[in-house]
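Please follow the account below with the sequence and the three-dimensional view side by side.

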Amino acid sequence: MFKPLIAALFVSASLALASLPARAATPEAVLNTYSDIAQAMYGDALRSARHLLRKVETLTAKPSEQNLIAARDAWIAARVPYQQTEVYRFGNPIVDEWEGRVNAWPLDEGLIDYVDSEKYGESSDANPWYGANIIANPKLEIGGRKVDTSRITWRTLRGLQEVGGVEANVATGYHAVEFLLWGQDLNGTGPGAGNRPWTDYAKGAACTNGNCDRRAAYLLVATQLLVDDLVWMAGQWGPQGEARKHLLADPNAGIATMVTGLGSLAYGELAGERMKLGLLLHDPEEEHDCFSDNTHNSHYYNVVGMQAIYLGRYGKISGPGLTALVAEKASALDSEMRGKLDASLAAMGKVKQRAETVERYDQMLAEGNAEGAAVLEGAIAALIDQTRTLERISAALQLGKVAFEGSDSLDSPDKVGKK
């Protein structure tokens, strides 16, 4: 179960509006604050992933219901800092090229392990690896390609990430680990998350669903890869990191990157692909953390991350944020943006509260659930409204052409679900 106390360790206590720091609000200073926050956020994500790895090591060494629950709790806690970093994805090529290894979604879980074939199906015209089941098969030959999976190593999983050029072939990252901890959520838009038994990791005759040793090996390797990937990314934002140097090479373009990240995450990604699309289709498969029913938290901390970046405040870090530059150019616009960020956080807070007290996120997507849909629509509307203000900020800062990621679900909803 999600623990608010754990989340509090990673969320800035100083996100409330406060007086700006004395440091000059130059583009270079703002970008250094932005980079400092990135290093801190990815560092927190790394620490939580290492904690997750320790729990996974305990689970696989001593399988039990208690140890499975502890590993699940650690996974949910690990999502809190990572989701705040997603504002860095858009506009930062180093992050965008790397992100698919750690947070790719959705995934065709039949690539990894056993699935319920009645609900999942046996095959997919779009994906020849749809039911490959790496865990059950020490050798694979699909479409003329032979893969030796007798030993599940980091090279094995790296080689199978997006195998066949299919993005849904996700072999590594948070969601691969999530699937291995929870299993499929077979409840549709009804109550309940995935319910993988702990005995899927049991030793000897107690093992359920076969291949428990290989399943444990996969889980260990995938979690270690997550740690390794976060080590690398945290380093990219250090004083000599390539991501930081890339931004500071052209400070005005760097500020445009900040604005691009805020607008693209809020509009096309979160409001569109992660929220509106699922509502239009009434499809629980469009839920971001679909195995664990943790989507409400992932969405909420996306917004927390956006607010941290705009204000320049995260944990012990407090420096000139984008707000400082905007306030110098158009103070009323800055006040408006702060208010819009607060409104988005409040609206997503309602989604989080409903998911924790009334019904989970996938239940809100159900056809005919007017109350649940209204709560989601409220958050979507707030994110869109926030983005409109950001467009005006881009103009006020004279950033030139800044393009935010779009989504058919918002821009052309009549196309959604049609071939």
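In which helix is the place of Val375? Val375 belongs to helix H15, which spans residues 370-396, where helices (H or I, at least four residues) are DSSP runs numbered from the N terminus. This is a predicted model, in which local features need pLDDT of at least 70 and side-chain atom pairs count only at pLDDT 80 or more, while totals for chains, interfaces and linings use all residues. Residues are numbered from 1 along each chain as its sequence is written, and side-chain values use heavy atoms, with hydrogens and water left out.

Once residues up to four places away in sequence are set aside, Val375 touches Lys350, Val351 and Arg354, contact meaning heavy atoms within 4.5 Å. The C-alpha atoms of Val375 and Gln66, which are 309 residues apart along the chain, are separated by 34 Å. Helix H15 also holds Gly378, which is partly exposed, with a relative accessible area of 34%; here buried means under 20% relative accessible area, exposed over 50%, and partly exposed in between, for a 1.4 Å probe and protein chains only. From Gly378 to Gly400 the separation is 22 residues in sequence and 31 Å in space, C-alpha to C-alpha.

Among the helix pairs, helix H4 (residues 93-103) and helix H8 (residues 212-236) pack at an angle of about 165°, with their axes 10 Å apart. Axes are lines fitted to C-alpha atoms, for helices over the stretch in contact, and angles run from 0 to 180 degrees between N-to-C directions. H4 and H8 are therefore roughly antiparallel to each other, since angles under 35 degrees count as roughly parallel, over 145 as roughly antiparallel, 65 to 115 as roughly perpendicular and the rest as oblique. On the H4 side the contact is made by Ile94, Val95, Trp98, Arg101 and Val102, which meet Leu226, Asp229, Leu230, Trp232, Met233 and Gln236 in H8. The residues of this contact divide into 8 nonpolar, 1 polar and 2 charged, where Ala, Val, Leu, Ile, Met, Phe, Trp, Tyr, Cys and Pro count as nonpolar, Asp, Glu, Lys and Arg as charged, and the others, Gly among them, as polar.

Another pair is formed by helix H11 (residues 295-311) and helix H12 (residues 322-329), whose axes come within 5 Å and cross at roughly 55°, and which are therefore oblique to each other. Ile309, Tyr310 and Leu311 in H11 meet Leu322, Thr323 and Val326 in H12, a contact with 5 nonpolar, 1 polar and no charged residues. Ser298, also found in H11, counts as buried at 0% relative accessibility, and its contacts beyond four places in sequence are Arg79, Gln83, His288 and Asp289.

Turning to the interior, 9 of the 9 residues of helix H7 (residues 174-182) are buried, so H7 is largely enclosed by the rest of the structure. What covers these buried residues includes H2, helix H3 (65-84), H4 and H8. After H7 comes Gly183, whose phi is positive, near 75°.

The largest nonpolar core has 121 residues, and those with the most contacts inside it are Tyr42 and Tyr88; such a core is a set of buried Ala, Val, Leu, Ile, Met, Phe, Trp, Tyr and Cys residues joined through side-chain atoms within 4.5 Å. Helix H2 (residues 27-61) gives the largest share of this core, 14 residues. Leaving aside neighbours within four places in sequence, Tyr88 is in contact with Tyr34, Ile37, Ala38, Met41, Tyr42, Val95, Trp237 and Ile309.

How values were computed
Helices (H or I, at least four residues) and strands (E, at least two) are DSSP runs, numbered from the N terminus.
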